[in-house]
Amino acid sequence: MWPILPHGGARGAPPSGMSTARRRVWIFLYHGGMNHVPFPADRAVRQASVLHALAAVLPADCLLSRTEDTHAYECDGLTAYRQTPLVVALPATEAQVAGVLKACHGLGVPIVARGAGTGLSGGALPHSMGVTLSLAKFNAIVAVDPNARTATVQCGVRNLAISEAAAPHGLYYAPDPSSQIACTIGGNVAENSGGVHCLKYGLTLHNVMRVRGFTAAGEELEFGSHALDAAGLDLLPLIVGSEGMLTVIMEVTVRLLPRPAVARCLMASFPSVESAGAAVAAVIANGIIPAGLELMDKRMTAAAEDFVHAGYDLDAAAILLCESDGTAEEVAEEIERAVAVLEANGATQIEISRDEKQRLKFWSGRKNAFPASGRMSPDYMCMDSTIPRKRLAEMLRAIESMEGKYALRCVNVFHAGDGNLHPLILFDANDPDELHRCELFGAEILETSIMLGGTVTGEHGVGVEKLNSMCVQFSTAEREHMLAVKHAFDPAGLLNPGKVIPTLQRCAEYGRMHVHRGQLAFPGLPRF
């Protein structure tokens, strides 16, 4: 058995001289990710051992171990933190996936499952002493049942590909993350992804009927069913959003919806982000549930307009995109009601899409908000918290104040209808001081969300990005219950270890916290 790395003493603290980003990754690996996972001092020795075991399961061309090959897997969409995996496995069959899991389980080797790598929280950040399990080859659509309105697909099928396969039947898959042309359904299930139409049609959780996968030991499990209900405990909601910690997802059955007969989008301009936020609350308060209700501030609007030329009002301090869908009569009535509410709450200009081409153009700016931001700055960090809708204006004022405090720009795009915030902090990752200020800025956004009655994540997951904030959101007892669930599925702690649920030591490392009599205390923040 390989020796366990001690967590205290000289080897229990990050080496001096580390940058903030590397220190954070170090803490993740040695106070979370490596917790109770044995490994040899010599990385090459372990790599050779793992390769030897996996060679009995996979062909040589399905195993990557050279640095130039594994470098492409060093991060997901959160590029500020990087780590090279020990080995990358590229199985093509479920039998091979089970074999890899069994081999790694026998050796006590951590496994990080990876889809398209579009996640924004570091959920697919590799383990330096573990195996990255790429599921990119599992991209088959197993079946589309137009009568039952379901589609069964492998985990590596792209989100948009499901709707493309269902289109000949007049059906589509509703959740539509901005990365839907690239992100995979397995990753969507792992993160409980949403999208611009989640207000009316729900998150991934509300659109998935069944998930089949493997435990860390390679045992096959199935959650939910093709029917409306399944025997036994309803564990499907536990798997959706579990971020690869409980099972390796292989196959998913999703609900399909009839494509609406008509869809129209209106663009409303506002003189301030506060008035736009207040208008969002008013729309919902008046009983209107749009198909989509998105807010973009002036900077984000300008960046998106420059990128895709969507026809946005560049003079507005903020714009709202509000979409109605259904029958022609339903859409006309809802649009009329929405216009009245928006005008009563300060809208200075309202434009309604004339046709499908203009509707898609309006949405193209919102869908391309992230790449548009990439043209404004070398790097950006996308936050993902949720607050009560009525406090949107308050949150926007707080973020504006933080920009001055940390001397960094922030552009804002929100799933305003359900209070899901996506502030994008602009910074240069090559400047350690800017990265440090960006981390502090992001942490304050998340903690402010908690104080306003919200939560630290909406749809991007916790990964490694929000581990510190999880320490603020949840008490020690609550985190211990979460860890108990993790232990029930993965006793050895090998699936995506150290992510999502921080250890007590991890929380103690967070500068704004201290441990008092075995309990975490958070100065200035309420206990939950």
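This is a predicted model: local features need pLDDT of at least 70, side-chain atom pairs count only at pLDDT 80 or more; totals for chains, interfaces and linings use all residues.

Now widen the view to the two strands. Strand β8 covers residues 208-214 and strand β10 covers residues 248-255. Six bridges link β8 and β10, and the two pair in the antiparallel sense.

A helix lies against this pair: α4, made of residues 94-107, packs on the sheet and touches both β8 and β10. Compare the directions of α4 and β8, and you will find an angle of about 55° between them. Another helix, α5 (residues 159-166), also packs on the sheet, where its contacts are β5, β6 (150-154) and β10. The direction of α5 makes about 45° with that of β5.

Next, follow the sheet from side to side. It is an open sheet of five strands, and you meet them in the order β5-β6-β10-β8-β9, with antiparallel pairing. At the edges sit β5 (141-145) and β9 (220-224), each of which pairs on one side only. On average, neighbouring strands here are turned by 10° against each other, ignoring direction.

Finally, step back to the whole protein. Its secondary structure comes to 18 helices and 21 strands. The protein has 528 residues, and 57% of them count as buried. Look too at contacts between residues at least 6 apart in sequence: 73% of these join residues at least 24 apart.

Conventions:
Residues are numbered from 1 along each chain as its sequence is written. Side-chain values use heavy atoms; hydrogens and water are left out. Two strands pair if DSSP finds at least two bridges between them. Helices (H or I, at least four residues) and strands (E, at least two) are DSSP runs, numbered from the N terminus. Axes are lines fitted to C-alpha atoms, for helices over the stretch in contact, and angles run from 0 to 180 degrees between N-to-C directions. Contact means heavy atoms within 4.5 Å. Buried means under 20% relative accessible area, exposed over 50%, partly exposed in between (1.4 Å probe, protein chains only).
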